[in-house]
Amino acid sequence: MTDEKKTLGLVFFPAFDWMISPAHPERQERLLYTRDQLEEEGLFDLPQIREYRPRLAAIEDLQRAHVGVPSVDKLVTRAHYVSAGGCLVAADAVMKKEVERAFALVRPPGHHAMRVVHGIRGFCTVNIEAIMAEYLRTKYNVKKIAVVDTDVHHGDGSQDIFYHDPDTLYISFHQDGRTLYPGSGFLDEAGSPLAWGTTVNLPLQPRTGDRGLHTLYDNLIAHILEDFQPELIINSAGQDNHFSDPLASMQVTAQGYARLADKLKADIAVLEGGYSIESALPYVNTGIILAMAGLDYSKVVEPDLSGLGREDERCDQRVRQLITAAGELYFNRKEESARQMARLGSDKVWARRKHIYYDEEGIREEQQEAVHYCRYDSDGCRGYLTILTAAAGTRFGDQSAFIVCITRNCCARCREAAYDEALREKKRSKVQYVLVQDIAAGTVEAL
Amino acid sequence: MLLGLDVGGTFTDAVIIEKGQVLAQAKAPTTHADVLEGILNALDKATALAGQLKNLERAVISSTIVTNALAEGKLPPAFLAVCCGPGMNTAGKFPVAPLQLKGCVDHRGKITAPIDLAPLARANSIAPAANAAVSCKFGVRQPLLERQMAQALLQAGRRKVFLGSEASGELNFIRRTNSAYFSAQVCDLFRTFCSRAEKALAERQIKAPVHILKADGGTLPLAAALEQPVEAVFTGPAASVLGIEALGAVDEERPGISLDVGGTTTDIAFWQGGRPLAARRGAVINGYNTAVRSFHMRSIPLGGDSKLSVSLVNGERFYFVGPQRVGPAAAVGGEAATLGDALIAAGYISFGDAARSHKALAALCPGLDIKEEAKKIVATAVAKLRGVIDEMLAEWARQPVYTVDDIVKGTEFRPRQLIGVGGGSLGLIKALGEAMDLPVSIPQGAMVANAIGAALARPTLSAGLRADTTEGHYIIPESGERKPLPRPFNRKAAEELLDRWLHEQVATWQLAEQETEVISAEHFRTIHGYYDTGDIFDLRMQLKPGILQKVAGFSGEVAL
């Protein structure tokens with residue numbers, strides 16, 4: 001048993017005792033039919049599959065990716081520690097070479113959770129892929145990571161966390177934001193100056209199906225991945241592009257998803273959304289698992305394909321446009337990044353404003369975020385971030401914070417400058433909280 | 001008065017027990033060509049000791065008949081028809097290439113494609129083999145397709161058709177299919193054995209019901225066992241575990257590990273609350289997964305008579321223990337040194353002629369300190385046992401967890417005692433206890449533990465009930481029952497229905513009245529388009545398993 005080489009590590013955690021509210025898409029029942037299908041197929045018996053149970057992530061794991069206001073621990077439930085911990089177990093299994101690939105089929109999901117957290121948005125509180133990526137960097141020294149987000153919704157949380165990091169390639173295809181939550185994810189959201197082009201957004205026409213998706217993958221995504229040469233590929237494996245999904249309007253089938261998993265050959269896949277819990281998830285998950293385990297998935301076909309419509313010409317047209325436009329953007333990214341960096345002033349600060357809406361709790365957040373690039377040209381130093389946030393309508397009332405994030409490999413002078421800014425803000429005392437995040441250590445210090 | 005009969009690899013044992021007293025124990029050589037002969041020899045020896053078998057309540061046979069018939073692979077193939085529906089490619093997952101039929105049921109028990117029986121009619125005309133098995137993916141949620149297949153086969157003249165959904169009410173299409181298939185394959189042979197056994201016992205004026213022991217450590221009357229003959233596989237290890245339980249060796253307060261050390265193999269089992277832990281998945285037969293329930297056990301080729309060998313790598317000596325058996329130990333007249341001899345020389349046990357043990361070991365390590373080398377050999381064997389125990393612990397730790405509560409509370413198994421039984425190699429368990437820093441207990445009278453286990457096992461019977469209120473029916477897969485839901489319906493009503501069904505079975509098979517218990521229960525509210533549509537209840541219950549009584553003493557005669 002032990003000497004047999006397992007292909008796929010599977011962390012299955014359906015959280016049958018966790019929900020957002022009783023009739024919410026994120027309720028106990030969500031993975032019930034998937035569990036039934038996987039058990040009935042006998043997938044857990046396959047010699048190619050090794051089962052893992054999740055563990056509780058540590059607070060440090062969560063704090064490498066997040067700054068919670070007033071704290072991450074006050075915002076999450078035990079379930080979030082388990083689903084994040086499930087991803088870490090998957091990461092360990094792959095990095096220790098116990099398995100070739102792993103799939104964390106866990107909930108609650110995470111790709112709408114941004115760096116700063118005031119509550120739940122898009123069913124997410126903490127970003128389980130980002131937590132895993134930071135863990136991989138801390139524990140295993142992995143540098144270049146690609147995250148391919150195959151959820152129908154734009155993973156705006158993942159984009160937010162990876163936006164300044166040129167070593168993380170974030171590719172998301174999704175239903176056009178003008179027609180679906182969260183409304184973002186357009187081509188020009190391509191990363192801050194140093195990381196320009198390593199955020200690749202591919203907004204698709206509603207009703208795009210297997211054909212469009214695979215054309216896009218074969219002619220664009222595969223080439224970008226080939227060029228970026230990541231050490232690891234993470235798949236945010238949302239399943240709501242399925243034709244039967246009640247929240248979105250796409251036409252992808254279980255075969256389409258399984259073939260994609262087969263081509264992508266992600267090192268670690270993590271479940272995200274997907275709310276057609278009876279008609280899609282049992283089949284899509286079976287397909288992905290078989291494909292990741294290197295087994296025949298050709299017989300995984302939904303019993304009812306009557307809801308599957310035709311992909312029309314507009315879908316193909318959009319795919320062709322994206323292949324050209326996003327290809328140009330990505331392959332010219334280094335030149336463009338250098339241009340943008342040169343345009344920065346002598347303080348080497350790049351800033352943006354954000355309005356963030358938390359649909360689940362009705363929170364409205366205003367953010368001013370600034371990237372302070374290293375002015376001392378220290379080797380490998382990526383400087384620090386400052387974030388001024390004010391949120392109205394959180395479960396703790398209205399709250400505000402000034403946050404400083406010290407990046408990995410931050411040089412001593414940048415670290416000092418970061419603390420100076422935090423202390424200055426503390427003295428000024430216009431905000432409720434002044435918080436310092438040390439990403440490498442996974443600590444958030446309240447000044 | 002209870003009679004237990006156990007067929008082992010070398011000996012067949014018989015015991016007679018009354019009110020916790022073992023009145024007679026007897027052994028006869030196992031007769032491999034016809035195991036019944038050895039069973040009757042042992043029985044006759046035991047009855048000669050105990051006198052008349054007055055007030056005999058029950059006879060239980062734990063035999064190797066099904067295990068051996070399946071392992072030898074000489075049984076003619078049975079016919080298998082399946083409805084696989086969408087999903088994994090099942091090629092190579094079944095012992096024979098099945099006839100694949102169109103027709104499928106989905107995870108909620110909805111028929112998503114009707115069955116086409118035409119290929120079945122064609123196959124029937126080509127190869128009208130006697131027995132058949134039929135199985136449908138999600139047949140446990142909706143047995144109609146399986147019933148249609150079975151009916152067509154019976155009408156075409158097949159004697160017996162086994163249904164996947166009756167083999168087990170639990171999910172796992174491949175395991176259910178294989179259970180049903182092996183039952184179909186072994187059914188005729190097992191029926192012949194049962195009727196011969198019944199006749200031979202009747203000739204001996206034994207009128208008490210005759211039960212068979214199953215892999216799950218429970219018994220069933222012969223007629224009931226014939227409904228699922230595959231369950232009579234692997235009864236030896238189950239009997240051994242029940243014997244340990246009956247001998248009262250396990251401290252209920254502490255989780256423990258039992259090791260039954262024989263001459264050739266050691267059986268390892270886990271205990272919690274004074275009961276052996278059941279395996280999460282079914283047994284593997286001839287390399288195929290089945291739904292046959294058994295204990296969480298492992299057998300390894302390591303015992304008192306295991307062969308010792310040594311190899312030299314860069315001047316360093318490495319010892320090996322097993323897997324072959326050479327015994328008996330040199331101390332009791334064997335040719336070569338065995339693990340038993342090493343245990344004697346290392347000072348863990350004393351039996352036979354210690355000087356002969358030393359002499360035999362000297363051949364392996366000429367000119368070295370025998371006691372020191374013997375300790376190294378014992379350490380090698382202990383390391384091997386620990387390796388298997390660690391694997392079993394790891395396997396247990398990978399049991400699925402479905403709720404946050406499971407993770408937070410933890411469902412770990414941490415052993416706090418070792419229990420050793422079997423032969424003259426108990427020293428091995430002492431050595432293991434030292435290495436693992438665990439207390440060791442060794443019960444008395446373990447010579448015929450298997451037969452004692454068989455004699456005292458309770459009947460076992462388990463079943464599931466699933467109710468989907470949206471759909472308006474409940475189903476007990478083991479019975480094939482699918483009936484409209486009573487109103488109002490809730491968890492309590494579900495338990496009552498299933499409890500009633502189990503007690504009906506108790507009455508039908510004339511089993512002793514026994515309480516039922518809930519093994520697992522799930523309840524989900526189903527929602528469609530943001531509104532409540534109903535509830536799903538999934539319940540499993542069983543007759544409380546275990547032993548009828550503990551052994552309080554040995555008052556009778558022994559014929560070994």
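The structure is a predicted model. Its largest nonpolar core holds 147 residues. The contact between the chains takes 43 residues from chain A and 36 residues from chain B.

**Nonpolar cores**
- In the largest core, the residues that touch the most other members are A:Val11, A:Cys87, A:Ala90, A:Phe103, A:Ala104, A:Ile131 and A:Ile288.
- Helix 4 of chain A (residues 78–95) gives the most to this core, with eleven residues.
- Leaving out residues up to four places away in sequence, A:Ile131 touches A:Ala57, A:Asp61, A:Leu62, A:Arg64, A:Ala65, A:Ala84, A:Cys87 and A:Val126.

**Strand 4 of chain A**
- Strand 4 of chain A spans residues 99–106, and seven of its eight residues are buried, so the rest of the structure largely encloses it.
- Strand 4 of chain A runs parallel to strand 1 of chain A (residues 6–13), with seven bridges between them. Here A:Leu10 stands opposite A:Phe103.
- Strand 4 of chain A also runs parallel to strand 10 of chain A (residues 268–271), joined by three bridges. A:Ala102 has A:Ile268 as its bridge partner in strand 10 of chain A.

**Where chain B touches chain A**
- On the chain B side, the elements giving two or more residues are strand 8 (111–113), helix 6 (173–203), helix 11 (370–397), helix 12 (404–409) and strand 26 (516–528) of chain B.
- By class, this side of chain B has 19 nonpolar, nine charged and eight polar residues.

Key
Residues are numbered from 1 along each chain as its sequence is written. Chains are lettered from A and ligands numbered from 1 in the order in which they are written. This is a predicted model: local features need pLDDT of at least 70, side-chain atom pairs count only at pLDDT 80 or more; totals for chains, interfaces and linings use all residues. A nonpolar core is a set of buried Ala, Val, Leu, Ile, Met, Phe, Trp, Tyr and Cys residues joined through C-beta atoms within 7 Å. A residue is buried if 20 or more other C-beta atoms lie within 10 Å of its own, exposed if 12 or fewer, and partly exposed in between; C-beta atoms are placed from the backbone. Helices (H or I, at least four residues) and strands (E, at least two) are DSSP runs, numbered from the N terminus. Two residues are in contact if their C-beta atoms, placed from the backbone, lie within 7 Å. Ala, Val, Leu, Ile, Met, Phe, Trp, Tyr, Cys and Pro count as nonpolar, Asp, Glu, Lys and Arg as charged, and the others, Gly among them, as polar. Two strands pair if DSSP finds at least two bridges between them.
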